[in-house]
Amino acid sequence: VSENKIHQGKGAGVSVSDNGKGSFTKNRVFENSRSGFEVKAKGDPTVTNNRIYSNRKAGIHVSDSGKGTFRHNEIFENQGDGVDVMTKGDPQVTQNTIRNGFDTGVYVHASGKGRFENNQIFENDCNVFVATQGDPILFRNRIYRGRGAGVCIEEDGRGTFKENDIFENVSAGVQVNTNGDPTVDGNQIHHGHGCGVFISDSGQGRFSGNDIFGNVDSGIEVTTSGNPIVTGNKVYKGRKAGVWVHDDGTGMFSNN
């Protein structure tokens, strides 16, 4: 399916399910009543070089063990999330631009997974949001200028975040709340308008080998029963405390 305008549908622009596959390239998918692309029930399309925008729900929705390979797409100005992954959805999302959404850039929740690599994720409400046993892998993405946190993990969300560049977000670069428990390794978290890393409300997480610098607020702030493991990071050139633990916050800090 190549070089079509797919628009103003009463449901999804493109729906792939029940082991369906297909190749979709250089299409414009816009102004549909649901998501631009909807992948369910072990659907596994290849989606490359499309413009997916102005849909009433997500740009891309993957659920119910749906998969899919998404490369070099421009996903923008959707009313829902840019990419929404849930219920064992497990897409490969590589070298896309996910920007200027009305909601979250990437939302992984309800046991969703997925691998996100070398994407530009910017100017969304929260750029990346992981919750309710979502467990994605994010590797070497640029995550910046979010209207909230760069990355937010909460409500038993997990995830592995490795070698990402997270910067210039309005609140924390990485925020962990309510039993969130990510692995955050080898990232640059810098020049945010809030904290570099903010952990609260029994948030946890393992933070190692990160460069955390140039943030307006504390480099790392832990409060209200937050309890991270923080090892081998560099925390420097912030405008406030490097590490601030208060109001029943705890944590283990070593070799930083």
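Author: Rings of Phe, Tyr and Trp (its six-membered ring) pair if their centres lie within 6.5 Å; planes under 30 degrees apart count as stacked, over 60 as edge-to-face and the rest as tilted. This is a predicted model, where local features need pLDDT of at least 70, side-chain atom pairs count only at pLDDT 80 or more, and totals for chains, interfaces and linings use all residues. Residues are numbered from 1 along each chain as its sequence is written, and side-chain values use heavy atoms, with hydrogens and water left out.

Reader: Is Phe 30 buried or exposed?

Author: Buried means under 20% relative accessible area, exposed over 50%, partly exposed in between (1.4 Å probe, protein chains only). Tyr 53 and Phe 30 share one class, and that class is buried.

Reader: What is the centre-to-centre distance of the pair Tyr 144 and Phe 167?

Author: The two rings are stacked, with 5° between the planes. Their centre-to-centre distance is 4.8 Å.

Reader: Which strands does this pair of Tyr 144 and Phe 167 link?

Author: The pair links distant parts of the chain, 23 residues apart. Tyr 144 is buried, with a relative accessible area of 9%. Phe 167 is also buried, at 8%. Tyr 144 sits in strand 19 (residues 142–144), and Phe 167 sits in strand 22 (residues 165–167).

Reader: What share of the 256 residues in the protein chain is buried?

Author: The buried cut-off is the one given above. Applied to the 256 residues of the protein chain, it gives a buried share of 51%.

Reader: How far apart do the centres of the positive and negative side chains lie?

Author: Lys and Arg count as positive and Asp and Glu as negative, while His and the chain ends are not counted. The place of a charge is NZ of Lys, CZ of Arg, CG of Asp or CD of Glu. The protein chain has 28 positive and 30 negative side chains, and the centres of the two sets are separated by 7 Å.

Reader: In which strand is Val 106 found, and which residues does Val 106 touch?

Author: Val 106 is found in strand 14 and is buried, at 0% relative accessibility. Contact means heavy atoms within 4.5 Å. Not counting residues up to four places away in sequence, Val 106 touches Val 83, Ile 98, Phe 116, Ile 121, Asn 127, Val 128 and Phe 129.

Reader: How far apart in space are Asn 141 and Glu 163, C-alpha to C-alpha?

Author: Asn 141 lies in the loop between strand 18 (137–139) and strand 19. Asn 141 is buried, with a relative accessible area of 1%. Beyond four places in sequence, its contacts include Phe 116, Glu 163 and Asp 165. Asn 141 and Glu 163 are 22 residues apart in sequence, and their C-alpha distance is 7.6 Å.

Reader: What is the phi of Ser 65?

Author: Most residues other than glycine have a negative phi. Ser 65 lies in the loop between strand 8 (60–62) and strand 9 (69–71) and is partly exposed, at 26%. Its phi is positive, although Ser 65 is not a glycine, at about 65°.

Reader: Between which strands is Ser 111 found?

Author: Ser 111 has a positive phi, near 65°. Ser 111 is partly exposed, with a relative accessible area of 28%. Its loop runs between strand 14 (106–108) and strand 15 (115–117).

Notes:
Helices (H or I, at least four residues) and strands (E, at least two) are DSSP runs, numbered from the N terminus.
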